[in-house]
Amino acid sequence: MTDTTDVLIVGAGPTGLTLACDLARRGVPFRLVDAADGGFPGSRAKGVQPRTLEVFDDLGLIDDIVDHSTTYPLLGLHVGPLTLPWRMMGRHKVTEDVPHPETRLIPQYDTDACLRRRLEQLGGKVEYGTRLTSLVDKGDEVVATVTGQDGERTIRARFVVGADGGASAVRVQADIPFVGETDESDKMIVADVLVDGLARNRWHIWPRNGGRFLALCPLPGEKFQLMLRLKPGETPDRDPAAIRRLVHDASGRAGLRVREVFWSSVFRPNVRLVERYRAGNAFLAGDAAHVHTPAGAQGLNTGVQDAYNLGWKLAQVLAGAPDALLDSYEAERRPVAARVLGLSSDLYQKLGDRPLAAATRGDEERQLKLNYRDSPLTHQGVANAPVQAGDRAPNAKYRDTSGHTGTLFDRFRGPHFTLLAVGDAAVTATTALPWPTTGAELHVVKIPTGAAPSLTKIYGLTGPTQILVRPDGYIAHIVTADYTAALARSAQTLASPSIG
Ligand SMILES: Cc1cc2nc3c(=O)[nH]c(=O)nc-3n(C[C@H](O)[C@H](O)[C@H](O)COP(=O)(O)OP(=O)(O)OC[C@H]3O[C@@H](n4cnc5c(N)ncnc54)[C@H](O)[C@@H]3O)c2cc1C
């Protein structure tokens, strides 16, 4: 049996599900297959960063995520008989430009469930029990063989995206080297447990526990996520009785007891990055492209943002945009992953000898300052402005020429590009806009002079300006003159050549 589609997504973890949601809302035909029988049961990635929350806001699942998450509690550092409170991340208030300022605590099984629910609302679904076993790139399409309960099938697609995790079959089939190392002597047990006799208002850490590191983090609901880093060379024992004993010994408290173990796994620090994000018609995203330690809560977030970067580019190229647009995926995302690898390895290293430094988070982890200033897609900017071409387009309030008031994030939400024309001269120049009739639409927000003082301040504008915002919320260009020429040039790289 052969099926045909535009995009085959292999793997329905957070990366594949995000890509599927994005393609579904764009009306791009896709198939999403996963080898497992259903969603992954363990808590794994529990930190969703502010930039990822903005992605979820755009994709329409932020309320579900907020309903299933909490903010992070203070750490409780257990040192001898003392428990020292420690704030891991600074408190961030909601501001006009950053509506989701705090990292949310949510187990990965719930993040995945929120994404699956959103995908169903958008008319998509996951084909579980369907494993990719081989892949042939024919140049104008890929031919994938998948096996499931009903035997072997062939799926032909224009593009394939490997979102199939650290052991990616797509990566192997596409013959892309995964460069780095795995430390076999360093092991950490991760488990979801019920614990009696432990307060739920702290993320409990026993940093120096006879060569082991133990952490128990209260998840929304009743469970704790347990992380136990073993001594070098120690053999992990995941038997519930062994876990119970280790936790009891570490805490030194008679009343503290692990009552139930729901899920457990052994994690080895694996720090690797692919040499290439693309081979012909195959792309890699998420853990298939980069893996690192859990320190810093970056893995899921980086995967979601890979997918968010790739989705609109696939849709645009399928609608006629130049294929080079897809090369910008690696140019933009690989440097981000390389930085994340360094950051998380550094934090993990400090776990044993500098626990307070390891338990401190700054701006970098929040991923709001992540930018594509050096991308081939980024054109022109205004020197010395706080927001440059290539940066995330911040939220701001505005009033448009018809008197409508609102926020930019409300106008960005959806699969389109947005042109902000701020100031009378920039608004006047929107009368004859060159934009293709195929692919993502261009929405124009016309803001007269003086109608958005806070927006002007946040973006650092000093006169009439046009700002082109990509569908993933990054700025393609900022110009204060020659508006039409700038838009025509951006359209050539970002959209199809058929200017309407
Ligand atoms: C202990 C631990 C704690 C972590 N903590 C954090 C954290 O706090 N914050 C954070 O951001 N990240 C964290 N991470 C990392 C995070 O879990 C991963 O980065 C994330 O799951 C990657 O998502 P993904 O969708 O790319 O891959 P995965 O979630 O691994 O999904 C891949 C999917 O592909 C499927 N698949 C595999 N092979 C095939 C095939 N041949 N055919 C079809 N389907 C296939 C699998 O069944 C799976 O569903 C943690 C990881 C661990 C282990």
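## What counts as a contact

A polar contact is a pair of N or O atoms within 3.5 Å; within protein, one must be able to donate a hydrogen and the other to accept it, and residues adjacent in sequence count only if both atoms are side-chain atoms. Welcome to a predicted model, in which local features need pLDDT of at least 70 and side-chain atom pairs count only at pLDDT 80 or more, while totals for chains, interfaces and linings use all residues. Residues are numbered from 1 along each chain as its sequence is written, and side-chain values use heavy atoms, with hydrogens and water left out.

## Backbone contacts to the ligand

Let's start with the ligand. One of its nitrogen atoms lies 2.9 Å from a backbone N or O atom of Leu 132, and a nitrogen atom of the ligand is 3.0 Å from a polar backbone atom of Ala 35. At Gly 299, a polar backbone atom sits 3.0 Å from an oxygen atom of the ligand. Taken alone the ligand exposes 1,000 Å², of which the protein buries 88% (accessible areas come from the Shrake-Rupley method with a 1.4 Å probe).

## The shell around the ligand

Around the ligand there are 32 residues, and Thr 15, Asp 34, Gln 108, Asp 287 and Leu 300 come nearest (a residue is near if one of its heavy atoms lies within 4 Å). By class, 15 are nonpolar, 11 polar and 6 charged; Gly counts as polar here, and Tyr as nonpolar.

Helix 1 (14-26), strand 8 (131-137) and helix 7 (299-318) each supply at least two residues of this shell, with the largest share, 3 residues, coming from helix 7. Helices (H or I, at least four residues) and strands (E, at least two) are DSSP runs, numbered from the N terminus. The ligand lies between domain 1 (2-69 + 106-179 + 271-366) and domain 2 (70-98 + 184-268), because both give residues to the shell.

## The largest cavity

Which residues lie nearest the centre of the largest cavity? They are Glu 54, Asp 58, Tyr 308, Phe 409 and Phe 412, among 13 lining residues. On a 1 Å grid over the protein atoms alone, a cavity is a set of points where a 1.4 Å probe fits but cannot get out, and lining residues have an atom within 4 Å of a point.

The lining divides into 6 nonpolar, 1 polar and 6 charged residues. Helix 2 gives the most, with 5 residues. Domain 1 and domain 3 (397-494) both contribute to the lining, so the cavity lies between them.

Methods. On a 1 Å grid over the protein atoms alone, a cavity is a set of points where a 1.4 Å probe fits but cannot get out, and a pocket is an open set with protein on both sides within 12 Å along at least five of seven lines; lining residues have an atom within 4 Å of a point. Domain bounds come from an automatic or database domain assignment.
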